[in-house]
Amino acid sequence: MRTSPDFSGKTGPRIKEITVTPIAIVDPPLLNAAGLHAPYALRTIVELLTDDGVSGISEIPGNRDIDRALEASRDLLMGRDVFQLNEIRRVLVNHFGTDTAAQRGETPWDQRKMVHIFSSIEVACLDIIGKVTGRPVVDLLGGKMRDRVPFSAYLFYKYEGAGGKLGFGTDPNATGWAAARQASGLNPAEIVAQAQAMCAEFGFQSIKLKGGVFEPRQEVNAMFALHEAFGPNVPLRIDPNALWTVETSIQYGREMEPILEYLEDPTRGQEGMARVRKAIKTPLATNMCTTSFDDIPNSIAVGSEDIILSDHHFWGGLRASMTLSGICETFGRGLSMHSNSHLGISLAAMVHLGAALPQVPYALDTHYPWQSDEVIVGGRFSFEEGSVAVPQEPGLGVELDRAALAALHQNYLDCGLTKRDDEIEMQKVQPGWKFQSVRW
């Protein structure tokens with residue numbers, strides 16, 4: 001008689017150590033609706049070590065308050081079974097509470113605390129679980145639907161400069177994309193040149209422009225210049241970061257209908273987005289008006305967008321993002337992915353998630369070409385025709401480069417930044433400049 005194995009009482013590896021390492025990575029002087037990128041972008045690397053010596057890593061946007069909260073979570077998480085993610089989330093929520101929509105803030109980036117804390121712990125736990133089971137993270141999310149995940153070129157208006165210690169200066173020895181990344185991008189011709197250099201280097205098949213910097217006419221002209229340069233077969237998107245009024249959004253949205261794949265967050269709030277959506281034919285996308293599960297009922301009720309741009313850092317992790325995918329499918333929403341300045345750990349997590357999604361109708365966003373640093377063994381990910389191959393190794397498929405981590409942590413200590421504040425950086429160039437949630 002055949003007997004089944006007894007799994008009763010089985011437990012997984014338990015958390016023995018948590019290491020939180022803030023780092024600063026070189027960032028060029030990119031412009032956006034909230035101001036100007038600092039010479040360094042902040043990230044936080046989280047490493048969990050289990051009682052049997054297995055390590056799991058994750059990466060989130062850097063912020064001193066979130067780093068302190070992660071440090072404070074140590075006592076809550078010591079001895080926890082990494083497989084028991086529901087219990088880990090319950091413990092964290094009981095201590096830190098749940099985030100509110102208001103805590104996201106009006107800036108292009110998300111300022112909530114709990115979603116960052118849990119997503120960092122969850123990704124590191126999934127990295128461990130993958131290593132223990134011998135499976136890549138994509139398999140823990142339901143399995144691989146594609147071998148490569150497509151990304152879009154992400155263009156920025158910018159001042160001349162390389163960022164980091166060079167600031168607004170440039171490296172005269174740089175060539176190719178490394179040189180183009182330093183060049184100014186302040187008008188349609190320079191934006192087209194930036195796009196051509198980026199697409200030549202990474203092979204991107206679609207293009208997005210971060211708008212909300214100049215008055216709408218100039219940015220719309222840039223979109224038509226891109227359309228003329230790349231032709232009708234390259235999908236185009238623009239993101240004014242909700243700085244346009246409803247009326248401005250409708251006016252320019254209608255003008256760009258023949259050339260846009262989608263229009264991202266032209267105006268602020270679900271009600272405003274719904275009014276624009278009813279008035280133009282182009283699909284609307286968001287990562288600003290529908291950014292949590294609590295936002296979804298009203299989103300469906302008013303019809304605020306066609307596409308939700310998820311971000312596992314902000315939606316509560318990779319498994320929550322898979323839940324979001326099911327909700328989008330139920331209510332006829334498209335799903336793609338938002339990005340922020342990041343390195344290879346975040347990119348690996350994005351690729352595993354992108355590979356597990358049932359459908360990827362739109363290429364995902366990534367800031368990765370704007371970064372030159374890396375914190376993983378083997379150096380930076382490579383792109384082929386704008387796509388990244390799904391790692392096949394267990395877990396995330398990437399490992400920490402300890403020397404690089406130490407150097408980037410020293411950058412953090414030296415640069416003096418503790419949180420992102422694009423308004424302050426912009427005031428260094430334009431004294432008295434103030435962020436306005438609606439500008440045109």
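The expected span of a helix is 1.5 Å times one less than its number of residues; helices (H or I, at least four residues) and strands (E, at least two) are DSSP runs, numbered from the N terminus.

Residues are numbered from 1 along each chain as its sequence is written, and side-chain values use heavy atoms, with hydrogens and water left out.

**Confidence.** The protein chain averages a pLDDT (the predictor's confidence in each residue, from 0 to 100) of 93, and 95% of the residues score at least 70. Where pLDDT is low, the predicted coordinates should not be read in detail.

**Helix α3.** L85, I88, V91, L92 and V93 are the buried residues of α3, buried meaning under 20% relative accessible area, exposed over 50% and partly exposed in between (1.4 Å probe, protein chains only). These buried residues pack against β1 (15–26), α2 (74–77), α4 (114–133) and α12 (318–330). Just after α3, G97 takes a positive phi of about 80°.

**Sheet.** An open sheet is formed by three strands in the order β1-β4-β5, with antiparallel pairing (at least two DSSP bridges between two strands). β1 and β5 (55–61) stand at the edges with a single partner strand each, so one side of each has no neighbour in the sheet. Strand β4 (residues 40–50) is joined to β5 by seven bridges, and L48 stands opposite G56 in β5.

**Aromatic pairs.** Rings of Phe, Tyr and Trp (its six-membered ring) pair if their centres lie within 6.5 Å; planes under 30 degrees apart count as stacked, over 60 as edge-to-face and the rest as tilted. By this rule there are 14 aromatic pairs, two of which are tabulated below.

| Pair | Centre to centre | Angle between planes | Class |
|---|---|---|---|
| Y157 and F214 | 4.9 Å | 85° | edge-to-face |
| W244 and Y252 | 6.0 Å | 55° | tilted |

Y157 is buried, with a relative accessible area of 0%, whereas F214 is partly exposed at 21%. W244 and Y252 are both buried.

Conventions: Contact = heavy atoms within 4.5 Å.
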